[in-house]
Amino acid sequence: MTQHLSSSAEHSTLIDKYETFLFDCDGVIWLGSKLIPGVKESIEYLKCKGKKLIFITNNSSVSRADYVKKFAKFGIEVDESNIFGSSFATAVYLKEVANFDPEKFVFAIGGKGISDELESQGIKILSPDFPQIENLDDISGIEPDNRVGAVVVGLDVKINYAKLAFAHVNIIQGDSYFIATNSDSTLPVGGITFPGAGSLLSVLKSSTKKDPVVIGKPNQIMFDLVKKSHHLDLSKTIMVGDRLDTDIDFGNRASVDTLLVYTGVTDKTLASNSDIKATFSMNSFGDISLLKQ
């Protein structure tokens, strides 16, 4: 049963109990381009109390360096080492877990965030010149490339048939890793949802009949990478998020306590009807700022 925290005494007890706070970003820290009221002051309060703050996001389109810049625009100082995006986690997974062949290339469906993070780990990106596809006869110009060692799928706002076809033929030839940065089916923007990385992923899962390794929340791979990097004490760690199926399930699977906030996609009705339960809930993490007064 989720305990709803509403008083200053309850908020203070929460802060005192944990040493490490894992945060989702959109819906917890900000909504799109707008900072959620009180959150900046709440983060400053946690820093003053000596807490470790780690920001974990499934957004594959933004690199850690760009996230540092976004935090800075809100007047929040965050070190790049304390940001764990799904693109960075994918790059680390390929390099350190999969022992990716440095002579091979990655073909990535996704934006600059993916390529930046892969290249930061010394992984080469293949950017083919695709034939212009006007009809079915043109598809024959797309063939597997033996230089491809992995196909990585994230959110790509410039997706087209040629990209999907090239990814497909390289996956089914059998010797390329098939990896997804995350499987979020939708992307919330401006109060409505749009197709997310998981929606693009579903096309390739259907066509190849293969299941990818999925890196981002709620999967254990993401948590294991964060834990290894930051040496977490699980008993003193809490995950703060606004989505039940990613953030809260992520923390629950990792056996850490969870805090659901109602500033993003989940409201109290949805939370009460879900089988996924958080340890605690709050109206907004910005409410912690009241402890500074």
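This is a predicted model: local features need pLDDT of at least 70, side-chain atom pairs count only at pLDDT 80 or more; totals for chains, interfaces and linings use all residues.
1. A polar contact here is a pair of N or O atoms within 3.5 Å, where one atom must be able to donate a hydrogen and the other to accept it.

2. Beyond its neighbours within four places in sequence, Asp 26 is in contact with Leu 31, Gly 32, Pro 188 and Asp 242.

3. Asp 24 is found in the loop between E2 and strand E3 (30–31). Asp 24 counts as buried because its relative accessibility is 8%, and the cut-off for buried is under 20%. Its side chain makes a polar contact with the side chain of Lys 217 at 2.9 Å. Setting aside neighbours within four places in sequence, the residues in contact with Asp 24 include Ile 56, Thr 57, Met 239, Asp 242 and Asp 247.

4. With a relative accessible area of 2%, Asp 242 is buried. Not counting residues up to four places away in sequence, Asp 242 touches Asp 24 and Asp 26, and its other contacts include Gly 27, Val 28, Asp 247, Leu 260 and Thr 266.

5. What does the UniProt record say about these residues? Its "binding site" annotation, from an unreviewed entry, covers Asp 24, Asp 26 and Asp 242. They are spread over 219 residues of sequence, yet they cluster in space, with a largest C-alpha distance of 8.3 Å. Asp 24, Asp 26 and Asp 242 are also part of the lining of the largest pocket.

6. The UniProt record, again as an unreviewed entry, lists Asp 24 and Asp 26 under "active site". From this set, the lining of the largest pocket takes in Asp 24 and Asp 26.

7. Which backbone atom does the side chain of Thr 263 reach? The answer is the backbone oxygen of Gly 27, at 2.6 Å. Thr 263 is buried, with a relative accessible area of 18%. Leaving aside neighbours within four places in sequence, Thr 263 is in contact with Gly 27, Val 28, Leu 31, Ile 36, Asn 283 and Ser 284.

8. Finally, have a look at helix H2 (residues 39–48). Which of its residues are buried? They are Val 39, Ser 42, Ile 43, Tyr 45 and Leu 46. These residues sit on the same side of H2 because they cover an arc of only 155° around the axis. Among the elements that cover them are helix H1 (8–17), strand E2 (20–23) and strand E5 (52–57). H2 is followed by Gly 50, which has a positive phi, near 80°.

Note on methods
Residues are numbered from 1 along each chain as its sequence is written. Side-chain values use heavy atoms; hydrogens and water are left out. Buried means under 20% relative accessible area, exposed over 50%, partly exposed in between (1.4 Å probe, protein chains only). Helices (H or I, at least four residues) and strands (E, at least two) are DSSP runs, numbered from the N terminus. The arc is that of the directions from the helix axis to the C-beta atoms. Contact means heavy atoms within 4.5 Å. UniProt positions are given in the numbering used here, feature names are shortened, and annotations may be inferred rather than shown by experiment. On a 1 Å grid over the protein atoms alone, a cavity is a set of points where a 1.4 Å probe fits but cannot get out, and a pocket is an open set with protein on both sides within 12 Å along at least five of seven lines; lining residues have an atom within 4 Å of a point.
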